[in-house]
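User: I want to learn how to read helices, pockets and cavities in a model. Can we take them one by one?

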Amino acid sequence: MKTAILVGCGGWGEIWAKYTLPRCAGDGLLRVVGAVDTVPAHLESVRGMLEKEQRFTDLRKALEKTKPDFCVIAAPPAAHEAVAMTAMEYGCHVLSEKPVTDNPQSLFRLLERAKETGIKYGVTMSHQFQRHISTLRKEIFSGKYGNLDYISFQFTAKEAEMSERQKKLEHVMLNEASIHHFSLLESLTGSRCRSIYTDVWSPEHAKSMKGGGQSLSILKYENGVRVSYEMSMASASSLHSWGNELIRAELEKAVLVLKGNSLRCYLKSEKEPSFNLPGKGFEIPLIGSKTDRWGNENLVEQFVDWLEEGVPMDTRLENAARAQMTVFSAIESKRAGLPVEPGSLEEKYRKEFMN
């Protein structure tokens, strides 16, 4: 059985400490041998899972004493690189929360170091492995409805859903929220993003959000699929927030509409009641069951299987880097007021890194 430590036990790390890791340990996927946080109070979240001697404020001491197979990084994004570099120094595999990091040079350093050391590095792009998203993806690629033309994606949440730490950061909405969706959209389109145009702003009622409270993006993919993407962290209502996004997939023979856990299909062949009025469509049952592993638990399973010489996980570092580069491209598009090609921007950043 693989052993793991948790690095970062406050904020989202508390969810890992109280729910995700205990469930994975209970299922026999892993054994948690330690937890690390520079804020001692945050370590209270692992009290029910670990003894006092297994809780640390110093990462190196934790790695030396526990010698884990891998570490789960749930610290704030600005700390991800330092934690991952230290873990790799000790020969410890890495399963990191997203975003991988918050700047391109850091991303290239991590990619290079993981390649040099042979460390297996996964990223928890968990949203695309939720049950409802997995069902939508299965239907899109089923072949029953013909080719995918475009996707309309809406995420709207209240400003209160963003922490005070996040409100003070530049580009936080794209870095810490859209990163989920850009990876998810790649999985739904089955292609890489070729270009993105993004407009970001803060309305008068959300001026406290330094990095912008609203964004609209148009993405074009290499296979010709388009996406319209709305991200709002300053809506009057959390109408389409986490787990309840509104996603409409326009296909050759059908329209698929996902709202929360409800997926409906409207066939082109369906007779409509009158001109300009939609038909009733039909509900598509969600795949699997509630008790299956979804989200982060699914990713832990993928990662442990990879460590045991199974199939490399879908969201390993080199793949997750594509979604990260789409984020950086959105930020650059906002700055320049022009569409940006992630491939060209990556080449530019890589040359800067090599120099």
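**Reading a helix, a pocket and a cavity**

Analyst: Start with α10, which has 13 residues and reaches 18 Å from its first C-alpha to its last, close to the 18 Å expected at 1.5 Å a residue. The expected span is 1.5 Å times one less than the number of residues. Helices (H or I, at least four residues) and strands (E, at least two) are DSSP runs, numbered from the N terminus. This is a predicted model, where local features need pLDDT of at least 70, side-chain atom pairs count only at pLDDT 80 or more, and totals for chains, interfaces and linings use all residues. Residues are numbered from 1 along each chain as its sequence is written, and side-chain values use heavy atoms, leaving out hydrogens and water.

User: Which residues of α10 are buried?

Analyst: Buried means under 20% relative accessible area, exposed over 50%, and partly exposed in between (1.4 Å probe, protein chains only). In α10, P342, L345, Y349 and F353 are buried. Seen down the axis, they fall within an arc of 80 degrees, so they line one face of the helix. That arc is taken from the directions from the helix axis to the C-beta atoms. K351 and M354, on the other side of α10, are exposed.

User: What covers the buried residues of α10?

Analyst: Contact means heavy atoms within 4.5 Å. The cover includes α4, β8 and α9.

User: How much space lies in the second largest pocket?

Analyst: A pocket is an open set of points on a 1 Å grid over the protein atoms alone, with protein on both sides within 12 Å along at least five of seven lines; lining residues have an atom within 4 Å of a point. Points are joined across faces, edges and corners, and a volume is the space filled by probe spheres set on them. Here the second largest pocket holds about 270 Å³. It has 18 lining residues, and the closest to its centre are R192, R322, P342, G343 and E346. α9 gives the most to this lining, with five residues.

User: What classes of residue line the second largest pocket?

Analyst: Ala, Val, Leu, Ile, Met, Phe, Trp, Tyr, Cys and Pro count as nonpolar; Asp, Glu, Lys and Arg as charged; the others, Gly among them, as polar. The lining has seven nonpolar, two polar and nine charged residues.

User: How many cavities of 30 Å³ or more are there?

Analyst: A cavity is a set of grid points where a 1.4 Å probe fits but cannot get out. The count is one cavity of 30 Å³ or more. The largest cavity has a volume of about 40 Å³. Its lining is H171, M173, L174, V200, G211 and K334.
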